[in-house]
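Have the viewer open as you read.

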Amino acid sequence: MKKKAYPEQVRIALHQAIRSITADLPACVKRPGQDFSRERKLSLHTMLLMLVGMGGNSLSKELYDWLGYSSETATASAFVQQRDKIRPEALKLLFHEFTRLAVSENSLQDYRLLAVDGSDLRLPSNSNDGFSSIRNSEDSKSYNLVHLDAMYDLMGKVYVDASVQPKKGMNEHKALVSMVDQSEISGNVIAIMDRGYESFNNIAHFQEKSWYYIIRAKESYGIISRLSLPNCPEYDEEITLTLTRRQTKETLSLLKAYPHRYRWIQPHTTFDFIKPKDSKFYDLHFRAVRVAIADGVYETVYTNLNAEDFPPEKIKQLYNLRWGIETSFKELKYAVGLASLHSKKKDFILQEIFARLILYNYSSIIMHHISIPKDLRVNFPVALNICRQFLRELIPAVQVLKLIGKHLSPIRPGRQFPRYQNSISAVGFQYRII
């Protein structure tokens with residue numbers, strides 16, 4: 001049997017993932033036994049595929065592009081009615097199932113690099129949506145905002161997990177812990193994060209998971225403020241901290257005698273491994289590594305990587321790779337379309353967020369399969385459009401990689417990452433009649 005072209009294998013994996021999750025219909029629909037119980041033009045499989053492959057056009061145009069320009073094509077109203085039957089969790093299930101089937105474990109020297117970061121998503125205005133609506137004062141106009149926390153495979157260039165929270169009351173630490181604890185990824189993993197994720201609780205969860213981590217430190221406050229560190233520009237120090245929640249005579253004497261070793265955790269501070277009023281101690285072991293990033297500019301990171309295999313310069317190089325998730329957020333928002341959703345309802349918004357993540361992974365897996373010279377990069381918007389048209393079966397599988405290969409963009413010499421220009425906001429003009 002002739003081996004199928006690689007893009008066709010990825011598309012088959014997506015269809016297989018859809019069939020896998022829809023086999024458990026109650027997990028996908030709001031009213032089991034009623035929703036999608038009859039054969040319709042817009043079946044559950046078709047709806048999920050369309051949600052993944054939709055662009056930024058109106059629903060009517062998307063339907064015509066998908067189903068053909070015919071008087072028999074389903075209306076936008078019919079599409080919305082069918083969509084309202086789908087639980088938002090169905091798209092999250094599809095995201096995880098497709099990732100499991102299609103994403104290969106790309107690594108750097110046998111270590112899988114996962115960057116974690118968050119980004120705000122501005123939504124269409126809807127003051128009635130209690131999930132995302134924010135009003136700063138009674139006199140101000142409300143706006144809608146959610147926060148996306150994501151875990152991104154830096155070598156594979158795909159998202160492996162994500163969490164969506166309302167911007168008001170969001171908790172990035174809680175999102176991180178959830179993604180780490182629920183992850184089925186094993187082996188040598190290095191999670192790389194910015195300073196917003198610094199906390200004893202996060203470090204402890206990585207320690208319990210047996211994952212490695214690199215977390216950028218807050219320079220003037222936080223954990224670093226009470227560590228015993230050398231008074232020099234650069235250092236690499238082994239740190240052991242013992243945490244406790246009790247204030248007994250024993251703990252108070254230890255806190256006083258060894259202030260750089262023992263830390264008291266306040267009752268309101270989140271630390272999942274010592275319950276309130278529990279007398280146990282918990283040890284954290286990590287390195288504090290301070291390196292120069294420019295003339296006279298230094299940054300500190302915390303890591304549990306072995307000092308012999310990962311000296312400071314290598315830690316610095318690994319942390320620099322974290323920028324890949326920042327680049328991916330821009331591609332996800334502006335090329336894939338996460339910045340221009342079709343809906344205002346909470347359930348529909350959650351559907352579209354995970355549908356966009358699936359489309360990003362589907363396209364990225366295909367486009368990065370080609371061999372690219374070091375001075376060139378994939379033109380992501382063009383490649384994404386090619387992959388989307390292939391998903392709609394408008395391009396033969398054998399042509400996909402060839403078309404993507406025709407649209408490679410140069411990288412400026414000496415620049416590790418491509419430059420992204422800030423988009424120019426729309427400007428309104430008023431004309432006065434004289």
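## Helix 5 against helix 11

In this predicted model, helix 5 (residues 88-102) and helix 11 (residues 346-367) have axes that come within 7 Å and cross at roughly 15 degrees. Angles under 35 degrees count as roughly parallel, so helix 5 is roughly parallel to helix 11. As for handedness, helix 5 passes helix 11 in a left-handed crossing.

Who makes the contact? On the helix 5 side you'll find Pro88, Leu91, Lys92, Leu94, Phe95, Phe98, Thr99 and Ala102. Helix 11 answers with Asp347, Leu350, Gln351, Phe354, Ala355, Leu357, Ile358, Asn361, Tyr362 and Ile365. Sort the residues of this helix 5 to helix 11 contact by type and you get 13 nonpolar, three polar and two charged.

## Helix 3 against helix 4

Now for another pair: the axes of helix 3 (residues 59-67) and helix 4 (residues 76-83) come within 9 Å, crossing at roughly 90 degrees. The range for roughly perpendicular is 65 to 115 degrees, so helix 3 sits roughly perpendicular to helix 4.

Helix 3 brings Leu59, Ser60 and Leu63 to the contact, while helix 4 supplies Ala76, Phe79 and Val80. By type, the contact of helix 3 with helix 4 has five nonpolar residues, one polar and no charged.

## Lysine 41

Lysine 41 is in the loop between helix 1 (6-22) and helix 2 (44-53). Leaving out residues up to four places away in sequence, lysine 41 touches Thr46, Glu72, Thr73 and Ala74.

## Confidence

The protein chain has a mean pLDDT of 89, with 94% of its residues at 70 or more. Over residues 420-434, though, pLDDT stays under 50, and the model has four contacts beyond four places in sequence for that stretch.

Note on methods:
Residues numbered from 1 in each chain as written. Predicted model: local features only at pLDDT ≥ 70, side-chain atom pairs only at ≥ 80, totals over all residues. Heavy atoms only, no water. Axes fitted to C-alpha atoms, helices over the stretch in contact; angles between N-to-C directions. Helix = DSSP H or I, 4+ residues; strand = E, 2+ residues; numbered from the N terminus. Parallel < 35°, antiparallel > 145°, perpendicular 65-115°, else oblique. Left-handed = near helix turned anticlockwise from the far one by under 90°. Contact = heavy atoms within 4.5 Å. Nonpolar A, V, L, I, M, F, W, Y, C, P; charged D, E, K, R; others polar. pLDDT = per-residue confidence, 0-100.
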